[in-house]
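The sequence and structure come next.

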Amino acid sequence: MAKTPTPIPAHSAVQLELERLDVGSKVAIVGHPIHVLLVHFPVAFVIATLGVDVIYWWSGDVFWLRVGIWSAGMAFVSGVAASIIGTAELLLVRGIRLHEASWSHAIAAMTLVAISGANWGLRLTDPVSVLPHGLLLSVLASVMVGFAGWHGGKLVFDHGIGILVSPKD
């Protein structure tokens, strides 16, 4: 009696797309994309700035104005760093440029950096105007974090950008 060969398992759609397109990171340390390593910092500082603004609104303590200057500044500076690396990835890797979500993510991220810069600039030049203008900029920046993060997540989870996939034996 002849033994029937076991069928070769079909590859996932993501794995097939990774094999077809070049989506590997060109700006990486030991295979880890630097953009993915950096992007958490501006996200955290943008959300922290919103929290600081709400605490200042509630307490009126000028300590929170100083904390807001630092958190808004770090949101901007770390956002610029993540954006430079992300832009390099977008321009250097053809497989990333082909996805619509890449461009949506890039535009949302650049808008977020601009809002963060305006928020920091407002605090540096006129700290008293944090209420209401700084608070509104912090809310807008937090909304943009969600939008940019959604499209960044689509790149990772739907298109396999920035991940290493190996076939199972």
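## Cavity

One cavity of 30 Å³ or more is present in the structure. A cavity here is a set of points, on a 1 Å grid over the protein atoms alone, where a 1.4 Å probe fits but cannot get out. Grid points are joined across faces, edges and corners, and a volume is the space filled by probe spheres set on the points. The largest cavity has a volume of about 40 Å³. This is a predicted model, in which local features need pLDDT of at least 70 and side-chain atom pairs count only at pLDDT 80 or more, while totals for chains, interfaces and linings use all residues. Residues are numbered from 1 along each chain as its sequence is written, and side-chain values use heavy atoms, with hydrogens and water left out.

Val46, Thr49, Ala72, Ala75, Ser116, Asn119, Ser138 and Ala141 line the largest cavity; lining residues have an atom within 4 Å of a point. At least two residues of this lining come from each of α3 (40-59), α4 (63-92), α6 (100-125) and α7 (133-159). Helices are DSSP runs (H or I, at least four residues), numbered from the N terminus. By residue class, the lining has four nonpolar, four polar and no charged residues. Ala, Val, Leu, Ile, Met, Phe, Trp, Tyr, Cys and Pro count as nonpolar, Asp, Glu, Lys and Arg as charged, and the others, Gly among them, as polar.

## Ser116 in the lining

Ser116, one of the lining residues, lies in helix α6. Ser116 counts as buried because its relative accessibility is 6%; buried means under 20% relative accessible area, exposed over 50%, and partly exposed in between (1.4 Å probe, protein chains only). Neighbours within four places in sequence aside, Ser116 is in contact (heavy atoms within 4.5 Å) with Val46, Ala72, Ala75 and Phe76.

## Nonpolar cores

The largest nonpolar core has nine residues: Val46, Ala75, Ala108, Leu112, Ile115, Ala141, Met144, Val145 and Ala148. Such a core is a set of buried Ala, Val, Leu, Ile, Met, Phe, Trp, Tyr and Cys residues joined through side-chain atoms within 4.5 Å. Helices α6 and α7 each supply at least two residues of this core, and α7 gives the largest share, four residues.

Another core, of eight residues, lies apart from the largest one and includes Val23, Val93, Ile96 and Leu155.

## Aromatic pairs

There are two aromatic pairs in the structure. Rings of Phe, Tyr and Trp (its six-membered ring) pair if their centres lie within 6.5 Å; planes under 30 degrees apart count as stacked, over 60 as edge-to-face and the rest as tilted. Phe63 and Trp64 have ring centres 5.0 Å apart and planes at 75°, so this pair is edge-to-face. Phe63 is partly exposed at 37% relative accessibility, and Trp64 is partly exposed at 24%.

For Phe76 and Trp120 the ring centres are 5.9 Å apart and the planes are at 35°, so this pair is tilted. The pair links distant parts of the chain, with Phe76 in helix α4 and Trp120 in helix α6, 44 residues apart. Phe76 counts as partly exposed at 25% relative accessibility, and Trp120 is partly exposed at 25%.

## Leu124

Is Leu124 buried or exposed? Leu124 counts as exposed, because its relative accessibility is 51%. Leu124 is located in helix α6. Its C-alpha atom is 6.8 Å from that of Ile69, a residue 55 places away along the chain.

Note on methods. On a 1 Å grid over the protein atoms alone, a cavity is a set of points where a 1.4 Å probe fits but cannot get out, and a pocket is an open set with protein on both sides within 12 Å along at least five of seven lines; lining residues have an atom within 4 Å of a point.
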